[in-house]
Structures are given as structure tokens and as C-alpha cells.
Amino acid sequence: MEDIEQLGIEKVAEMALERAWDDGCDAVYLSYDIDSIEAAFVPGTGWPEPGGLLPREALKLVGLVAREGLCGMEVVEVSPPYDHADITSLMGLRICVDVLGAMVSHGTLGNHKSIIDKEFVPF
């Protein structure tokens, strides 16, 4: 959180993407941990995190990361038994929708199709 407070969401996303792409990878996979968001906004998680990101900060972050293009993503740590009125599930859904929207608006949706779509070869 200190990096985000000091540098801002844009710079942190830029640094993370530089690190990912500079290592010579072919694609980036996003695993978003829902408990990085302030506990008041996502109570349905196994480990609520006081002092986390605000929803608008989380959505900005995933949008910045996704616009470069992703080969896949997941949202983890959503726990329906703890989720009052589906608040956490809806936030997880919103993250997925914003990721897809960012990739569509920047023309990167499907850029990694050649990496993902390969013939299955049994072991």
C-alpha cells in the first residue's frame, strides 16, 4: 500500500508490467486477490484486509494492467459463505467485466490466442 500511496496506481501498474514483460514472457496472466480491497467493501473473503484498496483504485489497477492484454485471469479469495448480500461476488464480477472492457477498448482481446489455442497432446 505504501508504494501505491507514494507512487500512485499508474506508476505501480507500469512498474509491474515492465517487470513482467522485461523477463521475456510471451503473455501475462492476472490473478486478482479480492482481499486486497478494503474489508468494508468485500466482507465475503477468508481474510478481510483493513486498509486495503478502495474499489475505484482496484478497478483502475486492473484496467491499467489488462489494457496491455492478458492470456487469462482469475479472481481469488471470494468466499460465498461469508458474503453478505453478494457484495464480494459482485465486486469480483465487476473486476472481470472491467478487465474485459479494458482489453476490448484497447484492441488487445484475443492477442494471445495463438499461445492459448494449441492442440491437446496427451502425456
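How many of the 12 residues of H3 are buried? Nine of them are, so H3 is mostly covered; "buried" here means under 20% relative accessible area, "exposed" over 50% and "partly exposed" in between, with a 1.4 Å probe and protein chains only.

A quick note on the model: it is predicted, with local features needing pLDDT of at least 70 and side-chain atom pairs counting only at pLDDT 80 or more, while totals for chains, interfaces and linings use all residues. Residues are numbered from 1 along each chain as its sequence is written, and side-chain values use heavy atoms, with hydrogens and water left out.

**View A. Helix H3 and its cover.** H3 takes in residues 55-66; helices (H or I, at least four residues) and strands (E, at least two) are DSSP runs numbered from the N terminus. Its buried residues are Pro55, Ala58, Leu59, Leu61, Val62, Gly63, Leu64, Val65 and Ala66. Among the elements covering them are helix H2 (9-22), strand S1 (29-33) and H4.

**View B. H3 against H4.** Helix H4 (residues 87-105) packs on H3 at about 35°, with the axes 8 Å apart; axes are lines fitted to C-alpha atoms, for helices over the stretch in contact, and angles run from 0 to 180 degrees between N-to-C directions. The crossing is right-handed, that is, the near helix is turned clockwise from the far one by less than a right angle. On the H3 side, Pro55, Leu59, Val62, Gly63 and Ala66 make the contact (heavy atoms within 4.5 Å), and H4 brings Met91, Arg94, Ile95, Asp98, Val99, Ala102 and Met103. By class that is nine nonpolar, one polar and two charged residues.

**View C. H2 against H3.** These two axes come within 9 Å and cross at roughly 35°, again with right-handed sense. Ile9, Glu10, Ala13 and Leu17 of H2 meet Glu57, Lys60, Leu61, Leu64 and Val65 of H3. The tally is six nonpolar, no polar and three charged residues.

**View D. The cysteines.** Searching the whole structure turns up zero disulfides (pairs of cysteine sulfur atoms within 2.5 Å). For Cys25, the nearest cysteine sulfur belongs to Cys71, 8.6 Å away. Cys25 is partly exposed, at 30% relative accessible area. The Cys96 sulfur lies 14 Å from its closest cysteine sulfur, in Cys71, which is too far for a bond. Cys96 is also partly exposed, at 27%.

Conventions
Nonpolar A, V, L, I, M, F, W, Y, C, P; charged D, E, K, R; others polar.
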